[in-house]
Amino acid sequence: MREAAFVKQNKDKWATFESALSNRTKISPDVLSDLYIEVTDHLSYAKTFYAGSNTEFYLNSIASQAHQNIYKTKREPKNRVFNFWKSEFPKMFYQHQRELLIAFLVFSFFTMVGAFSSANDWDFVRSILGDAYVNMTLENIENNDPMAVYKEMGAFNMFLGITINNVRVALMAFALGITLGVGTLYVMLQNGIMLGSFQYFFYEKGLLWESARTIWIHGTIEISVIIVAGCAGLVLANGILFPGTFSRLESFKRGVTNGLKIMLSTVPFFIIAGFLEGFVTRHTEMPDWLAVLIITASLATILFYYVVYPRRLHKKKLYDQQYLYRI
């Protein structure tokens with residue numbers, strides 16, 4: 001884009017921002033912070049394509065002034081940790097809904113591949129789940145307790161072991177984003193095929209409902225946050241592959257930072273999933289309505305926090321900015 005076109009496209013926004021900085025327009029520190037981020041993006045673009053120009057000098061001056069105003073007037077939240085989950089992370093995560101959708105679609109596709117492959121080759125199930133697990137489950141089915149595997153270990157030990165294993169898988173999905181996303185997608189492939197094979201195995205034995213109402217008590221959150229971890233890996237890969245207006249190094253740093261924030265957001269959910277698997281799933285005698293209630297509540301919580309809530313905060317941000325521009 002030519003410099004004149006760039007200035008024409010954004011000059012009204014810069015003028016509004018400068019007016020807010022000079023106190024001719026009163027806005028909240030949060031809105032000022034959002035505008036500051038946009039101006040600094042423009043500054044980075046100007047430094048790359050219009051180095052030494054008047055545009056770069058102008059944007060640098062108002063960005064510097066904004067930095068002083070923001071950190072002079074904006075109060076640090078009393079509860080920094082709570083504020084991260086309440087607003088900081090959801091606002092950031094709105095930018096990565098595309099990566100979340102890709103991770104979900106890849107995982108879903110390979111889940112269907114796992115089920116289809118199992119339907120056409122019984123040996124495929126054993127190759128994925130392992131002979132030991134298949135033989136043990138077949139024995140449990142003969143003993144009229146197909147979900148007995150969830151009762152064999154002590155509740156706390158199971159909670160701890162499952163939580164650590166799930167976090168390990170999630171960290172692997174994120175870290176392998178460094179392979180330009182190939183490793184992350186492979187983790188999605190592995191886990192998707194395993195899930196599809198597992199569910200088809202019980203379907204073939206006429207136990208689809210019995211298995212689903214049991215494993216999805218914990219699996220709803222567990223599988224969801226593994227997909228979110230896949231999203232984090234794709235965010236990291238995206239920072240390497242598509243730097244946009246930033247230098248590749250700066251884009252990589254942003255990808256790492258945002259990916260780590262996404263991973264941090266999953267910690268409470270992994271703990272909840274581990275607790276459910278260790279202490280709740282083992283009660284296979286619970287009524288169906290209670291199992292369905294837990295599964296539904298888990299799914300609603302995940303969808304709200306990672307899809308609905310970020311969009312709500314983004315719409316509120318746009319409304320606040322439109323209100324500012326009208327002033």
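Which residues in α7 meet Phe198, Phe201 and Phe202 in α9? The first view has the answer.

**View 1. Helices α7 and α9 side by side.** Tyr133, Val134, Thr137 and Leu138 of α7 meet that trio in α9, contact being heavy atoms within 4.5 Å. This is a predicted model, where local features need pLDDT of at least 70, side-chain atom pairs count only at pLDDT 80 or more, and totals for chains, interfaces and linings use all residues. Residues are numbered from 1 along each chain as its sequence is written, and side-chain values use heavy atoms, leaving out hydrogens and water. Helix α7 (residues 131-142) packs on α9 at about 30°, with the axes 12 Å apart; axes are lines fitted to C-alpha atoms over the stretch in contact, and angles run from 0 to 180 degrees between N-to-C directions. The two helices are therefore roughly parallel, a term for angles under 35 degrees.

**View 2. The largest nonpolar core.** This core has 44 residues, and Phe89, Ile262 and Tyr306 have the most contacts inside it. Such a core joins buried Ala, Val, Leu, Ile, Met, Phe, Trp, Tyr and Cys residues through side-chain atoms within 4.5 Å, buried meaning under 20% relative accessible area with a 1.4 Å probe, protein chains only. Helix α10 (208-241) gives the most, with 13 residues; helices here are DSSP runs (H or I, at least four residues), numbered from the N terminus.

**View 3. Around Tyr306.** Not counting residues up to four places away in sequence, Tyr306 touches Phe89, Phe93, Gln97, Leu100, Val228, Ser265, Thr266 and Phe269. Gln97 and Leu100 are among the buried residues of α5.

Definitions and conventions
Buried < 20%, exposed > 50% of the residue type's maximum accessible area, 1.4 Å probe, protein only. Parallel < 35°, antiparallel > 145°, perpendicular 65-115°, else oblique.
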